[in-house]
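Let's take a walk through this protein together, one region at a time. Keep the sequence and the 3D view handy as you read.

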Amino acid sequence: MPTHTRRPSWIAVDWGSSNLRAWALDDQGEVLVRGSSERGMLSLSPGEYENALLEVIGDWLSGTGLVDVVICGMAGARQGWREAAYLAVPTRLEDLVQGAVSPPLSDPRLRVRLLPGLCQTAPGNFDVMRGEETQLAGLVAREPLFSGLACLPGTHAKWARLENGAVTHFTTCMTGELYRLLARESVLRQSIGEDDLADPACREAFCTAIHEILSVPGRFPTWLFGLRAADLLDADLPTGEARGARLAARLSGLTIGLELAGLDKLDGPITLIGNAALSARYAMALEALGHESRRLDGETAVLAGLELAYRALTNSGKSP
């Protein structure tokens, strides 16, 4: 941030496995400047976190004075900066700060709090989330008594049930990772390209696959190899990149459809939180099955969730 820019009131950070994103904010929650780094949890030892953070936010700090930094995500994992132990559901999302911890620091200008994730411990239903709970908190910051189903699409998609602002249950599906493994590491890598659901043919292939897998989920392995066979034999498929795109759209429909088939209950409107393109894909899948959805931008949600935590700390009289 240029030296003439006003000093932030606090700093929000979303620290993932492969990168971190940071925002400097004023008292009204306005973003003054954004920063990012590819130094995620997987590339850091506990003693490296402070320097990695300062590489991104150091220019935002004045020579003196304390700045509060509220961090969600993998920095609070067991193998991260310092563990912020999971809170067991049901958990009210404005209460995340009760599990926040402070990591060791050398720079006297920083006061850091790491937010916890959430967990389920029922036998046969173990699950964890870390980072997504803060996006859900952003939803609750906008709608304090929200009740309903929220989905956070991603490498490991999360489906969370909320009741009056509390997470009561959630489910993780490795759909994004499964798609990537199949498309890039399996025999299908020779057939799968990049789809575009704005193309009517790709959209039809995607929605058809959604309906088929919902009808007979057990045929998933068979239909997977059918993609390779279709590439070799189906004369009705287009040639070139359009061929790979059509098959990619079908693979996407099969994997997302299998995810939807495994959920106990879909009732709407379902709130989709996260990346716009991926949320649009899930919205299309839900619409194909007759379910309504609405979308909340992921950055908007995580900032609102981090601000909810920051305000809870300051309003309680506790230093973040």
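Which residues of H2 are buried? They are Glu 132, Glu 133, Thr 134, Gln 135, Leu 136, Ala 137, Gly 138, Leu 139 and Val 140. That leaves H2 mostly covered, with nine of its eleven residues buried. Bear in mind as we go that this is a predicted model.

One partner of H2 (residues 132–142) is helix H8 (residues 298–315): the two pack at an angle of about 80 degrees, and their axes are 6 Å apart. An angle from 65 to 115 degrees counts as roughly perpendicular, so H2 is roughly perpendicular to H8. On the H2 side, the contact is made by Thr 134, Gln 135, Ala 137, Gly 138, Ala 141 and Arg 142. On the H8 side you'll find Gly 298, Thr 300, Ala 301, Val 302, Ala 304, Gly 305, Leu 306 and Leu 308. Sorted by class, the contact of H2 with H8 has seven nonpolar, six polar and one charged residues.

Setting aside neighbours within four places in sequence, Pro 144 touches Arg 92, Asn 164 and Gly 165. Compare that with Arg 243, which is 99 residues from Pro 144 along the chain: their C-alpha atoms are separated by 47 Å.

Asn 164, one of those contacts of Pro 144, deserves a look of its own. Asn 164 sits in the loop between strand E11 (157–163) and strand E12 (166–173). Although Asn 164 is not a glycine, its phi is positive, at about 50 degrees. With 44% relative accessibility, Asn 164 counts as partly exposed.

Now for a trio of helices, starting with H4 and H6. Helix H4 (residues 200–215) packs against H6 at an angle of about 35 degrees, with the axes 7 Å apart, and the crossing is right-handed. Quite a list of residues meets here: from H4 they include Ala 205, Phe 206, Ala 209 and Ile 213, and from H6 they include Ala 249, Gly 253, Ile 256 and Leu 260. By class, the contact of H4 with H6 divides into 15 nonpolar, three polar and three charged residues.

H6 (residues 241–261) also packs with helix H7 (residues 276–288), at an angle of about 70 degrees and with the axes 11 Å apart. H6 and H7 are therefore roughly perpendicular to each other. H6 passes H7 in a right-handed crossing. Here Ser 252, Ile 256, Glu 259 and Leu 260 of H6 meet Arg 281, Tyr 282, Ala 285 and Leu 286 of H7. That contact has five nonpolar, one polar and two charged residues.

What does Thr 175 contact, leaving aside its neighbours within four places in sequence? The answer is Thr 155, Thr 255, Ile 256, Glu 259 and Tyr 282. Thr 175 itself belongs to helix H3 (residues 175–185), and its relative accessible area is 8%, so it is buried. Gly 274 is 99 residues from Thr 175 in sequence, and the two are 15 Å apart, C-alpha to C-alpha.

Next, the interior. In soluble globular proteins, nonpolar side chains tend to be buried together. The largest nonpolar core here has 30 residues, and Val 13, Trp 15, Leu 53, Ile 57, Val 69, Ile 71 and Trp 81 touch the most other members. Elements that each supply at least two of its residues include strand E1 (10–15), helix H1 (49–57) and strand E4 (67–73). H1 gives the largest share, six residues. Apart from this core lies another, of 24 residues, among them Leu 149, Cys 151, Phe 206 and Leu 266.

Trp 15 and Trp 81 turn up again around Ala 75, whose contacts beyond four places in sequence are Trp 15, Tyr 49, Gly 80, Trp 81, Arg 82 and Leu 114. Ala 75 lies in the loop between E4 and strand E5 (87–88), and at 0% relative accessibility it counts as buried.

Finally, check two prolines. The peptide bond from Val 89 to Pro 90 is cis, with omega near 5 degrees, and Pro 90 lies in the loop between E5 and strand E6 (91–92). Another cis bond joins Gly 268 and Pro 269, with omega about 0 degrees; Pro 269 is in the loop between H6 and strand E13 (270–274).

Key. Residues are numbered from 1 along each chain as its sequence is written. Side-chain values use heavy atoms; hydrogens and water are left out. Axes are lines fitted to C-alpha atoms, for helices over the stretch in contact, and angles run from 0 to 180 degrees between N-to-C directions. Helices (H or I, at least four residues) and strands (E, at least two) are DSSP runs, numbered from the N terminus. Angles under 35 degrees count as roughly parallel, over 145 as roughly antiparallel, 65 to 115 as roughly perpendicular and the rest as oblique. A crossing is left-handed if the near helix is turned anticlockwise from the far one by less than a right angle, and right-handed if clockwise. Contact means heavy atoms within 4.5 Å. Ala, Val, Leu, Ile, Met, Phe, Trp, Tyr, Cys and Pro count as nonpolar, Asp, Glu, Lys and Arg as charged, and the others, Gly among them, as polar. A nonpolar core is a set of buried Ala, Val, Leu, Ile, Met, Phe, Trp, Tyr and Cys residues joined through side-chain atoms within 4.5 Å. Buried means under 20% relative accessible area, exposed over 50%, partly exposed in between (1.4 Å probe, protein chains only).
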